[in-house]
Amino acid sequence: MGSPGLIQTLTVLLELYDLLNLGFYMSVSMLTQSNNRYHFENRKYRLSATDKRPQGVLVFLHGASQAPLVETEAVHALRFYARSQNFVLLQPEGSVGYGSMDNGGGSPTVSWNLRDTSQEFSFIYRLLMHVEQRLGFTFTERYALGYADGGSLIGSALQCGLGNE
């Protein structure tokens, strides 16, 4: 897979930042396939597809204080942005549980294992392969966006030289 240029990546992130800052709100009824929740290797994930064959995937890595599959205004905006770019939005669940700490979503909080990031990178890669097999094609473009611990995981990937993976 070819690596997008730094300028292209920054442009996409700035467009997304602008969209989130606009306070964009979408009605849940306007979103298609917003409740597609699945399981893979004992973790949950949500997949929001476009109406046509997608060009790429945007992987959103949640923060520790978020319920990974709960609808939020930010997730609505991400789904809208992904659809506008003809991308699939993939929201995997982290691996580390925080016991009974409730995040308002009715389930214990989970996050990413930042002590063994290779475990998380490997899972995300296997999940991408699984989703591509499920959909029957390979994504031509892959982007990741993280919030809090999810952003730390992406930073760790870049430090490990995995920015092209």
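1. The expected span of a helix is 1.5 Å times one less than its number of residues. Helices (H or I, at least four residues) and strands (E, at least two) are DSSP runs, numbered from the N terminus. Helix H3 (residues 117-135) has 19 residues and should therefore span 27 Å, which agrees with the 27 Å between its end C-alpha atoms.

2. This is a predicted model, in which local features need pLDDT of at least 70, side-chain atom pairs count only at pLDDT 80 or more, and totals for chains, interfaces and linings use all residues. Residues are numbered from 1 along each chain as its sequence is written, and side-chain values use heavy atoms, without hydrogens and water.

3. Buried means under 20% relative accessible area, exposed over 50%, and partly exposed in between (1.4 Å probe, protein chains only). Among the buried residues of H3 are Phe 123, Ile 124, Leu 127 and Val 131. Just after H3, Gly 136 takes a positive phi of about 85°.

4. A nonpolar core is a set of buried Ala, Val, Leu, Ile, Met, Phe, Trp, Tyr and Cys residues joined through side-chain atoms within 4.5 Å. The largest such core has 20 residues, and Leu 90, Ile 124, Leu 127 and Val 131 are among those that touch the most other members. H3 supplies the largest share of this core, six residues.

5. A charge sits over a ring if NZ of Lys or CZ of Arg is within 6 Å of the ring centre and within 35 degrees of the ring normal. Arg 43 lies over the face of Phe 123, at 3.7 Å from the ring centre, and Arg 134 over that of Tyr 38, at 3.8 Å.
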